[in-house]
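Trainee: Please put the model up, and then we can go through it by question and answer.

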Amino acid sequence: MEHEKMVKRNRQYGDSMPDKIHRYRGVILVISVPVLLICFVLFVMPKTDSMGGGSVNRKLSPKFGSRNYAVVFDAGSSGSRVHVFCLDQHLDLVPIGSDLELFLQKKPGLSAYPSDPAAAANSLKSLLEQAEDVVPMELRSNTPVRVGATAGLRQLGGNASDKILQAVRNFLKSKSSLKSKASWVTVLDGSQEGAYQWVTINYLLGNLGRKYSDTVGVVDLGGGSVQMAYAISESDAQKAPKLSDGEDTYVQAMYLKGAKYYLYVHSYLHYGLLAARAEILKVTKESGSPCILTGHHGSYKYGGKVYPASAMSQGSSVTNCRLVALKALKVNESTCTHMKCTFDGVWNGGGGDGQKNMFVASFFFDRAAEVGFIDPNVAVARVRPIDFESAARRACDTRLDDAKATFPRVVPDNLPYLCMDLVYQYTLLVDGFGLDARQEMTLVKKVKYKNSLVEAAWPLGSAIEVASSMN
Ligand SMILES: O=c1[nH]cnc2c1ncn2[C@@H]1O[C@H](COP(=O)(O)OP(=O)(O)O)[C@@H](O)[C@H]1O
Ligand SMILES: [Ca+2]
C-alpha cells in the first residue's frame, strides 16, 4: 500500500513535459485564447493606423457624422457676397451659430475695379475674414473656398476679367487660411448659374429626389444677366435644338439625391435689370425716354459707358415705355429658328410641368418690396405679373419731385428709373418668358429650411452639387 502511494505521488510530481501539457491542455486553452486576442488587438490595430491612419479616418469619418464646411463667394455684378455652409453626410445643412448659413454682402462688385485687379481682390478682405471666423480652426485648411463671378466679369471680358481672377487667386493664396485652388476661382457660365439657382430653391423646398413635375422653375434677375431654369421630361430634352459652336447648351443633365433631372437653362447677358436700362436707353438715344420719370434730366452709367437718360417733354408713360422695352428685348424682331422662342432668338424650353410653379428672385423681389406691393420683411410672397404692371402705372404717373414721398423705400439713385424698371420686369415676364399676366408666381428672397431662413441664391446649389459629386 505504502509502495503504491509512493508510486502515485511519484507519478504526480515527476511527470515528463509532454505528459504535463497533455494533462493541463484545458487550462492552457482557456488562458491562451484571451492572451492571443489581446496580442492581436495590440499588434494589428496600431499597425493599420500607422500605415494609413489619416486616410482610414477620413474614409470612416462620414459614418461618424462628418461635417464639411464650404465657403462660396458670389462675385455679382452689383456686389460681392460670401456664404458659409456646413453640410453633413446626408447633404443636410447643419447650423452655424444660430443660423443655417453665414451670409454677408458688400458693394460694389469686382467689376467696379476694371483697371485695378489688386483693389478688386482686396475688396473681398472683410468678407473673407468674417467667413474664416465661423469655420472651426482645425477645419480651415481643409475647407474649400470658391469664387464664382457672374455677369459683371462676363461683360468685362478678356484681359481685365482674367487679371481680376488672377489677383483673387493670389489674394486667397496669401491671405486665406482656407483651402484654395486656382480652378476654384472662375467666371461661372450663365447655364451653371441658372442651374445652381434651381438646385438651391428645390433643395430648400425639399423637392430634390422627387419626379421632375414636382419641382419648381426659377427666374433670377440679377444686375447684369437674367436666368431661367426648369426641369423638363427626358423626351422634351431630346427635342432641344442643337446649337452652333460657342453657344451654351440648353439642357443639362443633373443627378441629385438619387434622381436624374434634365434642366432647361438659359442665361441672357445684358438683360439683368441694370444692364437692361442701358439697352432701353440705347433704343431712344438722345431723343428722351418715355421710361424716365417726368422732370429728370441726366445720364446713366453702366459698364464703363454713359447713356443719355432724360424724360421726354410729354413725360413718362407705361404704354410708350413698354414699346421701347419690347424693342430692347428684341421680342418680335429677332428670327426664331427654334420651335418657340422667349426673346432674342432663344428657345423657350417647351414649357411643361417643371414650369407650372415659378420662383422668381433677386431684383423682382427687391423692386416689389421697395414700391410696396409686397411686405419687405417677408421671405416669400405670391404675386402675378400684372402686379408689376399696376406698380409701373403708378410709378410712370409720378413726377420725379413727388417720387420720394410716394415711394419712400426706393433709394434716390433709382427713382428716375422706377417706371423703366417695373415696365421692364412686366415685359420680361409676359412678353419675354411668355408667362400669363395673371399666373400666380412666388417672389422669393429666402426659403425656410428646418425653421431657419436661407438665402435663395446660387451659391448653396453650387455647394450641394460639389458635395453630392463627392459622395
Ligand atoms: O444671396 C442673395 N440673396 C438674395 N438676393 C440676392 C442674393 N445675392 C444677390 N441677390 C440679389 O441679386 C441682385 C443683384 O444681382 P447681382 O449683383 O448678383 O447681378 P448678376 O447676378 O447679374 O451678376 C439684387 O437684387 C440682390 O438683392
Ligand atoms: Ca446674382
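Mentor: A definition comes first: helices (H or I, at least four residues) and strands (E, at least two) are DSSP runs, numbered from the N terminus. The model is predicted, so local features need pLDDT of at least 70 and side-chain atom pairs count only at pLDDT 80 or more, while totals for chains, interfaces and linings use all residues. Residues are numbered from 1 along each chain as its sequence is written, chains are lettered from A and ligands numbered from 1 in the order in which they are written, and side-chain values use heavy atoms, with hydrogens and water left out.

Trainee: In which loop is the place of P108?

Mentor: P108 is joined to K107 by a cis peptide bond, with omega about -5°. Most residues other than glycine have a negative phi, and most peptide bonds are trans. The place of P108 is in the loop between β3 (102-106) and α4 (117-122).

Trainee: Is K257 buried, partly exposed or exposed?

Mentor: K257 has a positive phi near 45° and is not a glycine. It lies in the loop between β8 (251-256) and β9 (259-269). Buried means under 20% relative accessible area, exposed over 50%, and partly exposed in between (1.4 Å probe, protein chains only). With a relative accessible area of 43%, K257 is partly exposed.

Trainee: In which strand is S362 found?

Mentor: S362 is not a glycine, yet its phi is positive, about 65°. At 26% relative accessibility, S362 counts as partly exposed. The strand in which S362 is found is β12.

Trainee: How many of the 9 residues of helix α12 are buried?

Mentor: The buried residues of α12 are F363, F364, F365, R367, A368, A369, E370 and V371. Their cover includes β6 (217-221), α10 (273-284), β12 (358-362), α13 (385-396), α15 and β14 (441-444). Helix α12 (residues 363-371) is therefore largely enclosed by the rest of the structure, the number of its 9 residues that are buried being 8.

Trainee: Which residues is F388 in contact with, leaving aside its neighbours within four places in sequence?

Mentor: Contact means heavy atoms within 4.5 Å. With those neighbours left aside, the partners of F388 are F364, A368, F373, V383, L422, Q425, Y426, L429, M441 and L443.

Trainee: How much area do domain 1 and domain 2 bury between them?

Mentor: Domain bounds come from an automatic or database domain assignment, here domain 1 (64-186 + 454-470) and domain 2 (189-438). Their C-alpha centres lie 26 Å apart, and 22 residues of domain 1 are in contact with 25 residues of domain 2. Buried area is the accessible area (1.4 Å probe) that two parts lose on being put together, summed over both. With 61% of it on carbon and sulfur atoms, the area that domain 1 and domain 2 bury between them is about 1700 Å².

Trainee: Which residues in domain 1 lose the most area to domain 2?

Mentor: Three residues together account for 33% of what the domain 1 side buries. They are R154, Q155 and W458.

Trainee: How far apart are the closest N and O atoms of E193 and R154?

Mentor: A salt bridge is a side-chain nitrogen of Lys or Arg within 4 Å of a carboxyl oxygen of Asp or Glu. Across the interface of domain 1 and domain 2 the rule finds 1 salt bridge. E193 and R154 form a salt bridge, and their closest N and O atoms are apart by 2.6 Å.

Trainee: Why are E129 and K125 separated by about one helical turn?

Mentor: E129 forms a salt bridge with K125, at 3.2 Å between the closest N and O atoms. E129 is partly exposed at 37%, and K125 is partly exposed at 36%. The separation is about one helical turn because, in helix α5 (residues 125-133), they are apart by 4 residues.

Trainee: Is E455 buried or exposed?

Mentor: The side chains of K446 and E455 meet in a salt bridge, 3.4 Å from N to O. K446 counts as partly exposed at 28% relative accessibility. E455 has a relative accessible area of 11%, so E455 is buried.
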